[in-house]
Amino acid sequence: MEQKFCQSCGMPLTNEILGTNADGTKNEEYCIYCYKDGAFTDNLTMEEMVESCAQYVDDYNKNTGQNLTQEELKSMLRQFYPTLKRWQLPTDQLPPATSPIKQQLLEEVNTFGINGLPKIDNLFVLQGSFINLEYTINGNKVKLLDDNATYWGTQVEIGNGRCFGIACDEQHILVSTYGKGGTNPELLLFTSRMLRC
């Protein structure tokens, strides 16, 4: 069977990481990290996509058995990306890079006024298994996210080796703090969303 690649970032596509259309159906051309809810997850130029993806050179080398430097991977991506659909389309034919749900989540997160949390101006698609930390609530250890789901989220460094973590989906918003690598997580907020009619 022919291997398909995300037509935005070039990641090999599998059923588990297919992006989603506005009606929730799977999109066969883009991965969930690039395309969610019928829109691109971020408004990047091709060069910005190269820079973003080249950060994962260690993962790329592990998955392909290669030993590329970050600069070698960038050079390869600059040759590969022009063959992908996203980078061949005229700008006025691209789907919007800002999904309505992402904008609503940003507005809602910023209304909480959490002490020390700066205004959040962007969210990224994150895999639940990477951000599903275990919190102690009423003496019990619990995880509040789904390892197999994707979330809109971000991380903000706050000093002293700690970060704010934000994870949102259509139903909930979670805000926490934690140390390096997700150590010593503290849940600050887990609430149902203010759903829009």
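Pairing here needs at least two DSSP bridges between the strands. Strands are DSSP runs of E, at least two residues, and helices are runs of H or I, at least four, numbered from the N terminus. I noted that Thr154 stands opposite Ile166 in E9.

The model is predicted: local features need pLDDT of at least 70, side-chain atom pairs count only at pLDDT 80 or more, and totals for chains, interfaces and linings use all residues. Residues are numbered from 1 along each chain as its sequence is written, and side-chain values use heavy atoms, without hydrogens and water.

Next I traced the sheet. It is open, with 5 strands in the order E5-E8-E9-E10-E11 and antiparallel pairing. E5 (124–127) and E11 (186–192) are the edges; each has a single partner strand, so one side of each lacks a neighbour in the sheet.

Then I checked helix H3 (residues 70–80). Leu73, Lys74 and Leu77 are buried there, meaning under 20% relative accessible area with a 1.4 Å probe, protein chains only. Seen down the H3 axis, the buried residues fall within an arc of 100°, so they line one face. The arc uses directions from the helix axis to the C-beta atoms. I found these residues packed against H1 (46–54) and H2 (57–64), with contact taken as heavy atoms within 4.5 Å.

Last, the whole chain. I logged 6 helices and 11 strands. Buried residues make up 39% of the 197 residues.

Technical notes: Buried means under 20% relative accessible area, exposed over 50%, partly exposed in between (1.4 Å probe, protein chains only).
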